[in-house]
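The sequence and structure come first.

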Amino acid sequence: FSAPSGMAISLDGSFALVSEQNGNRIRNIMLDTNGDVISSSLVAGSIAGTAGVTDGIGSSARFDEPFGLAITSDMLYAIVGDRFNKKLRKIVLSTRQVTTLATLGIGNPLGIFLGGLGDFILVASWSHSIFKVLYPSGTVSTFAGNGQIETFDSSSGLLAKFNTPIGIDVWKCWIQGYGTYSSSSVCSICPAGTYGPGNGLCVSCPGGTCLLYTSPSPRDAHE
């Protein structure tokens with residue numbers, strides 16, 4: 001692999017997808033019932049590692065430092081955060097067809113989470129914001145953050161400030177975030193966009209789901 005930066009495991013545990021940031025490609029890893037690797041193969045992107053922004057099938061498609069990954073619950077599609085192209089890309093896993101789902105403009109997509117009933121995507125962005133992308137329409141809006149950097153801030157919704165959130169994922173009733181590069185605080189976001197202090201446990205939020213960001217590593221969120 002060349003700088004693997006993201007991984008997603010299918011709902012049935014039969015395969016995993018890995019994004020290679022420096023390799024500009026997405027790999028498929030087949031798993032046995034014990035979770036051991038059977039084989040790996042190219043899903044999409046350049047065999048030689050060439051960067052680009054081309055939609056296409058398999059090795060004809062191009063990415064520019066793909067980062068976060070998510071697999072839909074029906075295991076038919078994958079969503080890729082195409083970092084330097086500032087796009088979300090969609091892969092049809094059966095055909096390896098890559099298309100552009102959404103363009104984030106100022107936001108470099110890093111960690112992504114396919115949430116709800118599969119009808120929206122939350123994107124942790126290098127632009128110090130969290131974006132919400134409707135699926136499958138690709139409509140983009142800002143979920144939380146205003147693009148301003150802050151070590152820790154407890155403002156609400158679009159007034160909140162982040163410092164380079166690089167990952168986002170859901171586990172049961174709260175979200176573990178894969179930290180920030182320069183912040184060591186823990187905070188939470190409710191689905192409606194309310195942002196405030198948290199302690200790594202499930203916090204009461206509208207709808208019963210909370211988003212948690214923590215630093216410096218995912219392990220801290222588990223503990």
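Predicted model: local features only at pLDDT ≥ 70, side-chain atom pairs only at ≥ 80, totals over all residues.

Residues are numbered from 1 along each chain as its sequence is written, and side-chain values use heavy atoms, with hydrogens and water left out.

**Sheet layout**

- Five strands form an open sheet in the order S5-S9-S8-S7-S6, with antiparallel pairing.
- Strands are DSSP runs (E, at least two residues) numbered from the N terminus, and two of them pair if DSSP finds at least two bridges between them.
- Strand S5 (56-57) and strand S6 (66-71) are the edge strands, each pairing on one side only.

**Strand pairs**

- S5 runs antiparallel to strand S9 (residues 97-103), and two bridges join them.
- Within that pair, isoleucine 57 has glutamine 97 in S9 as its bridge partner.
- S8 and S9 are paired in the antiparallel sense over six bridges; lysine 90 has threonine 99 in S9 as its bridge partner.
- The hairpin of S8 and S9 has four residues between the strands, and arginine 96 takes a positive phi near 65° there.
- Strand S7 (residues 77-82) and strand S8 (residues 87-92) run antiparallel and are joined by six bridges.
- Opposite valine 80 stands arginine 89 in S8.

**Threonine 72**

- The loop between S6 and S7 holds threonine 72.
- Is threonine 72 buried or exposed? Threonine 72 has a relative accessible area of 6% and is therefore buried (buried means under 20%, exposed over 50%, partly exposed in between, with a 1.4 Å probe and protein chains only).
- Apart from neighbours within four places in sequence, threonine 72 is in contact (heavy atoms within 4.5 Å) with Tyr77, Leu114 and Tyr135.
- The side chains of threonine 72 and aspartate 74 are joined by a polar contact of 2.6 Å.
- A polar contact is a pair of N or O atoms within 3.5 Å; within protein, one must be able to donate a hydrogen and the other to accept it, and residues adjacent in sequence count only if both atoms are side-chain atoms.
- Serine 10 and threonine 72 are 62 residues apart in sequence, with a C-alpha to C-alpha distance of 8.0 Å.
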